[in-house]
Amino acid sequence: TRYFVDHRKVRVVGGHGGGGGHSFHSEPRKEFGGPDGGNGGDGGHVILKADQQMKSLSSVLPFYQGFHGERGGSKNCYGANGAYVYVKVPVGTLVKEDGEVVADLTRHGEEYVAAYGGAGGKGNRFFLSNENRAPTIFTPGEPGQERVLHLELKTTAHAGLVGFPNAGKSSLLRVLSRAKPAVAAYPFTTLNPHVGVVHYQDYEQVAVADIPGLIKGAHQNRGLGMAFLRHIERCRFLLYVVDLSVSQPWIQLQDLKYELEQYKKGLSERPCVVVGNKIDLAQSRLNLPLLKEQTDERVIALSALTGDNLEELLLHLRELYDTYVKTEQSQGQSPVKW
């Protein structure tokens, strides 16, 4: 299984600056040509670059170093600068150092210099003056900046599947998209977030994230807690998945909204739809009209197991996506595309 990696610890080191050159001009019939040692090249930076083709931090290595600058040469030749090292990260990556956020890469192509390369050294030509006509001084290059950064990905999926463990979120994601989160006939919860892409006939793609099951007290970091609540922050709309077969399924919905609101104010007020799963069970059919009475949101009853009424959810998901696109464009912003 290819897991969705959402955090990485990375050590980054800028390239060393090249040393300054030390030489004197030598030419026939020019006995005192003077110093001509050029400056060294600067070391290369390590740059994090947001790329919408990247969907996970799994390809990010634990260590990166910029290329070193070249040494200054004779005849006033400067050393070449070290090449930059670009590290591609997904859009939505937070960069933290010592627990503090230093960068938030939310747009495709956005860059952040994670480690600066060292400055090149000065050649002996630099130290030429009226007082010192034949300087022998030259300086070495500076070492590159060294940092330890924590990269943290907040999923920028369009829709987030929110629900308690065993509500059927993973099963629903399997039938909506080509994602293959683990499912089984016994109760357990997914430990890694999965992102599936729903394809429509006009080639639009809607990304749906399976946020691992929340439990009561998740906003206090119980269970998987904060580790996965942060993925919901950037979802544009939410799909509350409730198990219709349990007694009083509307209590699940109230508890889910409470957890989201405690984690971040206003999170539970995002555009949403309630997905009543397991409608193929007899008890679910009895609970469905009671759930509709208890909530003001639209309720779509379906079965992820048999595929009953899946079409209604796909159509409504597209409506939510189109509304999001129009809202972003009216505000002069470009919507996130997959």
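Search the whole structure for aromatic pairs and you find two. Here, rings of Phe, Tyr and Trp (its six-membered ring) pair if their centres lie within 6.5 Å; planes under 30 degrees apart count as stacked, over 60 as edge-to-face and the rest as tilted. A pair of aromatic rings is described by the distance of the centres and the angle of the planes. Phenylalanine 126 and phenylalanine 127 make an edge-to-face pair, 5.3 Å centre to centre with 85° between the planes. Tyrosine 321 and tyrosine 324 make a tilted pair, at 6.4 Å centre to centre and 50° between the planes.

Before going on, keep in mind that this is a predicted model: local features need pLDDT of at least 70, side-chain atom pairs count only at pLDDT 80 or more, and totals for chains, interfaces and linings use all residues. Residues are numbered from 1 along each chain as its sequence is written, and side-chain values use heavy atoms, with hydrogens and water left out.

Now, how hidden are those rings? Buried means under 20% relative accessible area, exposed means over 50%, and partly exposed is in between (1.4 Å probe, protein chains only). Phenylalanine 126 has a relative accessible area of 49%, so it counts as partly exposed. Phenylalanine 127 is partly exposed too, at 25%. Tyrosine 321 and tyrosine 324, on the other hand, are both buried. These two tyrosines sit in helix α5 (residues 310-330), three residues apart, which is about one turn of the helix. An α-helix has 3.6 residues a turn, so residues three or four places apart point the same way.

Time to zoom out. The protein chain has five helices and 14 strands; helices (H or I, at least four residues) and strands (E, at least two) are DSSP runs, numbered from the N terminus. Of the 338 residues in the chain, 49% are buried. Contact means heavy atoms within 4.5 Å. Among the chain's contacts with a separation of 6 or more, 72% are between residues 24 or more positions apart.

Next, look for the open sheet of six strands, in the order β10-β11-β9-β12-β13-β14, with mixed pairing. Two strands pair if DSSP finds at least two bridges between them. At the edges you'll see β10 (194-199) and β14, each pairing on one side only. From one strand to the next, the twist averages 25°. Axes here are lines fitted to C-alpha atoms, for helices over the stretch in contact, and angles run from 0 to 180 degrees between N-to-C directions. Inside the sheet, β12 and β13 pair in the parallel sense over six bridges, and tyrosine 240 stands opposite valine 274 in β13.

Two helices come up against these strands. Helix α3 lies across β9 (159-162), β12 and β13, running at about 145° to β12. Helix α4 packs on the sheet, where it touches β12, β13 and β14, and its direction makes about 170° with that of β14.

Stay with α4 (residues 282-294) for a moment. This helix bends by about 30° at leucine 288, and proline 289 follows within four residues. The bend at a residue is the angle between axes fitted to the seven residues ending there and the seven starting there. Which residues of α4 are buried? They are Ser284, Asn287, Leu288 and Leu291. These buried residues pack against β12 (237-243), α3 (249-263), β13 (272-277) and β14 (299-301).

Over in another part of the chain, strand β2 (residues 46-50) pairs with β4 in the parallel sense over five bridges. The bridge partner of isoleucine 47 in β4 is tyrosine 86. In a regular strand the side chains alternate between the two faces of the sheet.

The charged end of lysine 49 sits over its ring, 5.8 Å from the centre. A charge sits over a ring if NZ of Lys or CZ of Arg is within 6 Å of the ring centre and within 35 degrees of the ring normal. Arginine 318 does this too, lying over the face of tyrosine 200 at 5.2 Å from the ring centre.
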